[in-house]
Amino acid sequence: MTEQLLEAPAPAIRGPLRGLYAGNTRSVVARGLQVIARNNWLIVVTGFFEPVFYLLSMGIGLGALIGTVDFYGVDVPYAAYIAPALMAVSAMNGAVYDSTMNVFFKMNFAKLYQQMLSTSLGPLDVALGEILLALFRGLLYACGFMLVTTLMGLNLSWTAVLAIPAALIIAFGFASFGMAVTSYMKTFQHLDYVYFVMMPMFLLSATFFPIEVYPQGVQWIIQAMPLWHGVDMVRQLTTGLIQPSILLHLLYFAVMIVFGLWFTTARLKALFLR
């Protein structure tokens with residue numbers, strides 16, 4: 001069945017994408033969904049609970065002591081303040097785990113990409129397919145987390161529904177870069193570098209406290225991180241306090257996605273189409 005999917009006919013591609021893209025990304029996605037349904041569904045589902053536990057412990061427990069937090073001049077309940085941040089973190093985690101650990105195994109042990117690229121598929125088909133699978137995981141987490149926060153009354157505006165596509169944009173940005181970075185890794189120990197970067201980004205990106213609590217120099221560093229842009233974007237949408245800066249956040253992720261796709265495609269081409 002897998003071989004039939006990979007060999008499925010695709011439209012002829014002309015122009016600069018010829019040899020890079022066969023227009024058959026759907027085959028990569030279909031294969032990945034089959035694997036998730038048969039073998040990996042429990043791993044995908046359990047990954048959703050970590051941010052929910054953070055929300056219950058920090059938002060409800062610590063929130064009872066903190067009360068409210070200022071966000072763009074408005075006092076927001078602490079649980080409603082950290083809930084959108086944890087949603088952004090959930091989207092990041094789902095995308096990063098899928099585009100690093102899973103991709104590392106497929107690339108170095110299953111030799112899956114070598115098999116795919118020996119068919120009519122091009123490196124851009126493979127890159128897009130894997131990134132879309134990561135987005136699927138991010139979508140599951142975003143929808144599940146949105147359901148939880150809605151039931152808890154933590155979404156303060158109707159614009160919170162836009163937080164789901166915003167979470168997908170965040171996942172797209174991280175997934176497109178994660179796959180390219182993974183292509184340089186040779187051992188499982190190298191994956192520790194990814195988590196070494198993710199943990200401080202998770203703790204510092206205004207997830208639990210306003211960015212103003214840090215010194216000015218530290219604020220500039222945090223604002224250069226992609227997660228901070230994601231957290232602030234989702235938080236604006238769930239609280240209804242939408243600022244012009246949301247356009248900057250969208251532009252940041254647009255650049256991240258385009259560059260990440262180019263980076264990943266170039267790496268797959270260099271590794272497997274010599």
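Trainee: Where does T238 lie?

Mentor: T238 lies in helix α10, which covers residues 226–239. The model is a predicted one.

Trainee: Why is T238 called buried?

Mentor: Buried means under 20% relative accessible area. T238 has a relative accessible area of 2%, so T238 is buried.

Trainee: What is T238 in contact with, leaving aside its neighbours within four places in sequence?

Mentor: With those neighbours left aside, T238 is in contact with P84, N155, L156, S157, A160 and A163.

Trainee: How is the packing of two helices described?

Mentor: Two packed helices are described by the angle between their axes and by the distance between those axes.

Trainee: At what angle do α3 and α6 pack, and how far apart are their axes?

Mentor: Helix α3 (residues 49–66) and helix α6 (residues 123–151) pack at an angle of about 20°, and their axes are 10 Å apart.

Trainee: What makes α3 roughly parallel to α6?

Mentor: Angles under 35 degrees count as roughly parallel. The angle here is about 20°, so α3 is roughly parallel to α6. The crossing of these helices, α3 and α6, is right-handed.

Trainee: Which residues of α3 and α6 meet?

Mentor: From α3, P51, V52 and L55 meet F145, V148 and T149 in α6.

Trainee: Why are α4 and α6 called roughly antiparallel?

Mentor: Helix α4 (residues 78–108) packs with α6 at an angle of about 150°, with the axes 9 Å apart. Angles over 145 degrees count as roughly antiparallel, and α4 and α6 are therefore roughly antiparallel to each other. The contact involves, among others, A83, L86, M87 and S90 of α4, and E130, L133, F145 and M146 of α6. The crossing of α4 and α6 is right-handed.

Trainee: M146 is in helix α6. How do you know that M146 counts as buried?

Mentor: Buried means under 20% relative accessible area. M146 is at 9% relative accessibility, so M146 counts as buried.

Trainee: How far apart are M146 and M87 in sequence and in space?

Mentor: M146 and M87 are 59 residues apart in sequence and 7.7 Å apart in space, C-alpha to C-alpha. M87 is also one of the contacts of M146 once neighbours within four places in sequence are left aside; the others are N155, A160, A163 and I164.

Trainee: Which residues does UniProt list for "transmembrane region"?

Mentor: The unreviewed UniProt entry lists residues 41–66, 78–105, 126–148, 160–181, 193–211 and 246–264. In the model, residues 78–105 are 100% helix and 0% strand, and the end C-alpha atoms of that span lie 40 Å apart. Residues 160–181 are 86% helix and 0% strand, with end C-alpha atoms 32 Å apart.

Trainee: How many helices and strands has the protein chain?

Mentor: The protein chain has 11 helices and 2 strands. Along the sequence they follow the pattern α-α-α-β-β-α-α-α-α-α-α-α-α. Of the 274 residues in the protein chain, 50% are buried.

Conventions: Residues numbered from 1 in each chain as written. Predicted model: local features only at pLDDT ≥ 70, side-chain atom pairs only at ≥ 80, totals over all residues. Heavy atoms only, no water. UniProt positions renumbered as here; feature names shortened; annotations may be inferred. Helix = DSSP H or I, 4+ residues; strand = E, 2+ residues; numbered from the N terminus. Buried < 20%, exposed > 50% of the residue type's maximum accessible area, 1.4 Å probe, protein only. Axes fitted to C-alpha atoms, helices over the stretch in contact; angles between N-to-C directions. Parallel < 35°, antiparallel > 145°, perpendicular 65-115°, else oblique. Left-handed = near helix turned anticlockwise from the far one by under 90°. Contact = heavy atoms within 4.5 Å.
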